[in-house]
Amino acid sequence: MSVTDPVISTGKLRRVLNLPLATLYGLGTIVGAGIYVLVGEVVVQAGEYAPVAFLVAGVIAGFTACSYAELCARFPASAGEAVYVQQGFQTRVLSTLVGLGVVFIGLVSAATIAHGFVGYLQVLLPIPRAPTMVGLILVLGAVAVWGIRESVWVAASVTVLEIGGLLLVIGVVIGSPEAEMAQTVQLLPPLELDLWPAILASAVLAFYAFIGFEDMVNVAEEVKEPSRTLPRAIILALVISLTLYLAVVVVVAKTVPPATLREAQAPLAQVWVQVTGRSPLLITGLSLLAVVNGALIQMIMASRVLYGMGSRGWLPTTLGVVHPRTRTPLRSTLLVVSAVVLFALGLPLVTLAQLTSVLTLAVFSMIHLSLWRIKRDQPCLPEIVCYPRWVPAMGALSCLALMTVQLLDWLH
């Protein structure tokens with residue numbers, strides 16, 4: 001079945017997202033828990049080479065962003081990854097497995113973010129972890145059901161605030177003469193080969209901070225002129241996030257000693273206290289919004305993948321039903337909410353993040369290989385931007401290399 005075949009769902013999704021909203025949608029899930037929650041873990045693992053770890057992760061994400069940009073221009077459909085693999089390999093079983101893998105990534109990622117939310121909230125209030133996570137997930141599920149325009153406007157508004165939070169942290173460190181230099185940082189890769197295993201292992205964790213641009217393709221059926229709008233939004237979101245991340249990781253590494261970060265559940269709040277000596281109420285509030293935003297977008301993404309696969313008959317067709325009033329896939333969203341609750345209660349933060357990164361790298365490898373095959377068999381259309389065939393080849397190799405590093409790290 002091609003993406004041009006008629007779908008068998010009840011009702012259609014509503015096209016309401018333009019370039020600014022699509023870009024903010026992507027930034028909302030990229031610039032979230034990855035940088036607000038895990039930046040401390042990366043600095044602890046990589047030390048002075050933390051910026052190098054983020055740069056390696058950003059370059060690998062860049063190859064993947066280019067592949068996604070071309071694929072979503074060629075095939076603008078929900079359940080994007082499953083559709084791309086179907087087009088590349090012409091096998092329903094493999095495309096369905098990839099689609100389910102993407103859903104699983106969204107579920108685990110949202111659960112990771114729920115953990116991060118509680119970590120920041122506990123800076124302010126001595127609240128119990130499990131009930132707070134469940135309550136958060138249920139509220140976000142209600143927003144996702146509400147409607148795509150409303151959900152994305154909420155996400156876009158919060159995205160502006162969370163970027164402001166990162167800029168605020170950078171600004172107070174740069175402008176404060178009291179900021180202590182906890183350690184030097186290296187912006188160029190070191191030549192010593194024995195340092196690279198730790199840097200690459202940290203890059204796997206840092207890679208989680210870039211996950212999100214791929215979510216954008218799964219709202220393709222809700223984007224205006226998706227073949228033009230989505231590729232631009234993907235590249236814009238990645239460039240903006242990489243620039244912010246490099247600035248933030250330098251600030252964190254220079255300001256807070258690794259030993260302190262190792263104990264910090266809210267690393268950017270720790271930076272704020274270290275530099276200003278004041279209550280971290282403001283930055284903690286912004287961090288909470290950032291974390292919540294990422295979970296909302298991951299849940300929207302997962303529900304759209306289930307909808308897209310259900311509407312094509314690759315999963316039970318009940319998942320492809322669109323609610324007549326909200327014009328959202330209600331049943332798919334409810335299934336996603338239930339699964340996120342189970343994952344959030346069952347696995348710890350770092351395990352969730354590492355699992356998300358490895359699964360995402362596996363899916364990305366399949367996407368690169370699919371584009372490599374598509375470019376061999378199908379000509380580039382004149383109205384879209386096409387990248388050289390070596391781009392998906394390099395993307396697949398780099399993703400497989402990072403995945404191998406993480407698996408070897410687990411074995412040891």
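Visitor: Which residues does glutamine 298 touch, not counting residues up to four places away in sequence?
Guide: The model is predicted. Glutamine 298 has its place in helix α12, residues 281-311. Leaving out residues up to four places away in sequence, the residues that glutamine 298 touches are Thr29, Gly106, Ser109, Ala110, Ile113, Ile211 and Asp215.

Visitor: Does glutamine 298 count as buried or exposed?
Guide: The cut-off for buried is under 20% relative accessible area. Glutamine 298 has 1% relative accessibility, so this residue counts as buried.

Visitor: Are α1 and α9 parallel, perpendicular or oblique to each other?
Guide: Helix α1 covers residues 19-30 and helix α9 residues 226-255; they pack with axes 8 Å apart, at an angle of about 40 degrees. Angles under 35 degrees count as roughly parallel, and 65 to 115 as roughly perpendicular. The two helices α1 and α9 are therefore oblique.

Visitor: How many residues of the contact of α1 with α9 are nonpolar, polar and charged?
Guide: From α1 the contact takes in Leu19, Ala22, Thr23, Gly26, Leu27 and Ile30, which meet Thr229, Arg232, Ala233, Leu236, Ala237, Ile240, Ser241 and Tyr245 in α9. By class, the residues of this contact of α1 with α9 are nine nonpolar, four polar and one charged.

Visitor: What span does helix α8 reach from its first C-alpha to its last?
Guide: Helix α8, residues 196-207, has 12 residues. At 1.5 Å a residue, 16 Å is expected. The span of α8 is close to that, at 16 Å.

Visitor: Which residues of α8 are buried?
Guide: Buried means under 20% relative accessible area. In α8 the buried residues are Ile199, Ala201, Ser202, Ala203, Val204, Leu205, Ala206 and Phe207.

Visitor: What is the phi of glutamine 90?
Guide: Most residues other than glycine have a negative phi. Glutamine 90 lies in the loop between α4 (80-89) and α5 (92-124), and counts as exposed at 54% relative accessibility. Although not a glycine, glutamine 90 has a positive phi of about 55 degrees.

Visitor: What is the relative accessible area of glutamate 225?
Guide: Glutamate 225 is in the loop between α8 and α9. Its phi is positive, about 45 degrees, although the residue is not a glycine. Glutamate 225 is exposed, and its relative accessible area is 55%.

Conventions:
Residues are numbered from 1 along each chain as its sequence is written. This is a predicted model: local features need pLDDT of at least 70, side-chain atom pairs count only at pLDDT 80 or more; totals for chains, interfaces and linings use all residues. Side-chain values use heavy atoms; hydrogens and water are left out. Axes are lines fitted to C-alpha atoms, for helices over the stretch in contact, and angles run from 0 to 180 degrees between N-to-C directions. Helices (H or I, at least four residues) and strands (E, at least two) are DSSP runs, numbered from the N terminus. Angles under 35 degrees count as roughly parallel, over 145 as roughly antiparallel, 65 to 115 as roughly perpendicular and the rest as oblique. Contact means heavy atoms within 4.5 Å. Ala, Val, Leu, Ile, Met, Phe, Trp, Tyr, Cys and Pro count as nonpolar, Asp, Glu, Lys and Arg as charged, and the others, Gly among them, as polar. The expected span of a helix is 1.5 Å times one less than its number of residues. Buried means under 20% relative accessible area, exposed over 50%, partly exposed in between (1.4 Å probe, protein chains only).
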